[in-house]
Amino acid sequence: MTDAAPTTGTARDALAVVSFRRLFLASLASNTGRWMQFATLGILGWQLTESSAYLGLLIFAQLAPLGILSLLGGSLADTSNRRTLLISTQTWQMVWTFVLAALLIDDLVGETTLVLLVFVIGLGQGLYAPAFTSVLPLVAGERNLQAAVALNSAQVNGARVIGPAIGGFLASRFGFAEVFAFNAVTYLAVIGVLWFMRFPATTATASSFGDRIFGGIRVAYRASQVGRPILLMSLFSLLCLPFIGQLPAIAEVNLGIDTRSTQYGWFYATFGLGALAGALLVATVLLRVARPRVVRATLLGFAASLAWLATIRSVEVAYPAIFLVALFYFTLPTTLATIWQEHVDSTVRGRVAALWILSFGGMVPIANLVAGPVVEATSLDAVMLTGAIAAVALAY
């Protein structure tokens, strides 16, 4: 990877762009609901089965559509009406989330139904995510690219703090249906902003179907500044992140936290707070530090903190541990995303963004699908320690 000079636009410059500011705030509201649902789904899955294998299957159902549809979503982002694509995919997710909430009210959701509905909702996100990623620089302006990437990561991770805390409170006081219904309503914020926004016309050209779908792969292969960050994120997701789907099990088995309690909501929110801190570090303190150095230090810090979390049985000590795990975890993708975003042209950005989404959405569900049975055959600690060792190997 080669270093790139940081762009001149600051966070204030990006937020001064009215369209970006509105989309930023709407996305914060929507992602708060999304993380409410993400955290609550893990609790619901654990309550239904108390099975680590099922938790892994649930994560697979949530994220597999990102792997299945991201290349198509990236192609559509480069060659179709972005506004229509974003609104239709948000509407799809909203409708099916309301369906899930309605079924939960009548207690009609079993293990299989839950997995299927989560997968159906994820189909919309599989097309939406690469399109939204490619739209950010267009809305904020190329000069503000680094600030836009960091701000977007900050709002996603800020939602990680707010969402699980609210979700844990609502789930414990009311029920799961209320959490999912609240999330469905938040989609309206993004839909409303997108409805009144204007996007530049797509200028990408593709000579063949293969170029429309696989053009991003060619760019990543030819440009190391694009290919290396995506490859590293793929390996990190596959080898180091199986613990993500096991957070409810870690809380109950290792720490004795009731996943239906507000304490679990705060535990998950602490994870989100660490993620937010990591994203903000990239936009401020680490702005002018050589990025390969940031990547290597982040991997080593993640390895140390994840290994520490694996040994902890005290709730009080677990809070700083999970904070550090998340801080290092999210410093990495925020840094890597900035690297590749700075080295792609707007005509292929959607297709490269699809590969970026695939590096997470394609690898994490596979890792968690395998991790569940491995946890039941060995232990949670073994899976976390393996992830820590893999992070050390990737650093060197």
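Trainee: In which helix does Leu385 lie?

Mentor: Leu385 lies in helix α16, residues 380–395. Helices here are DSSP runs of H or I with at least four residues, numbered from the N terminus. The model is predicted, so local features need pLDDT of at least 70 and side-chain atom pairs count only at pLDDT 80 or more, while totals for chains, interfaces and linings use all residues. Residues are numbered from 1 along each chain as its sequence is written, and side-chain values use heavy atoms, with hydrogens and water left out.

Trainee: Why is Leu385 called partly exposed?

Mentor: Buried means under 20% relative accessible area, exposed means over 50%, and partly exposed is in between (1.4 Å probe, protein chains only). Leu385 has a relative accessible area of 37%, and is therefore partly exposed.

Trainee: Which residues does Leu385 touch, not counting those up to four places away in sequence?

Mentor: Leu385 touches Ala307 and Ala310; contact means heavy atoms within 4.5 Å.

Trainee: What makes Arg313 and Asp381 a salt bridge?

Mentor: The term requires a side-chain nitrogen of Lys or Arg within 4 Å of a carboxyl oxygen of Asp or Glu. The N to O distance between Arg313 and Asp381 is 2.5 Å, and their side chains meet in a salt bridge. The pair links distant parts of the chain, 68 residues apart: Arg313 is in the loop between α12 (291–311) and α13 (315–341), and Asp381 is in helix α16. By this rule the count comes to 1 salt bridge.

Trainee: Are Arg313 and Asp381 buried or partly exposed?

Mentor: Asp381 has a relative accessible area of 18% and is therefore buried. Arg313, at 45%, counts as partly exposed.

Trainee: Why are α2 and α7 called roughly antiparallel?

Mentor: Helix α2 (residues 18–49) and helix α7 (residues 176–196) pack at an angle of about 160°, with their axes 8 Å apart. Axes are lines fitted to C-alpha atoms over the stretch in contact, and angles run from 0 to 180 degrees between N-to-C directions. Angles under 35 degrees count as roughly parallel, over 145 as roughly antiparallel, 65 to 115 as roughly perpendicular and the rest as oblique. The two helices α2 and α7 are therefore roughly antiparallel to each other.
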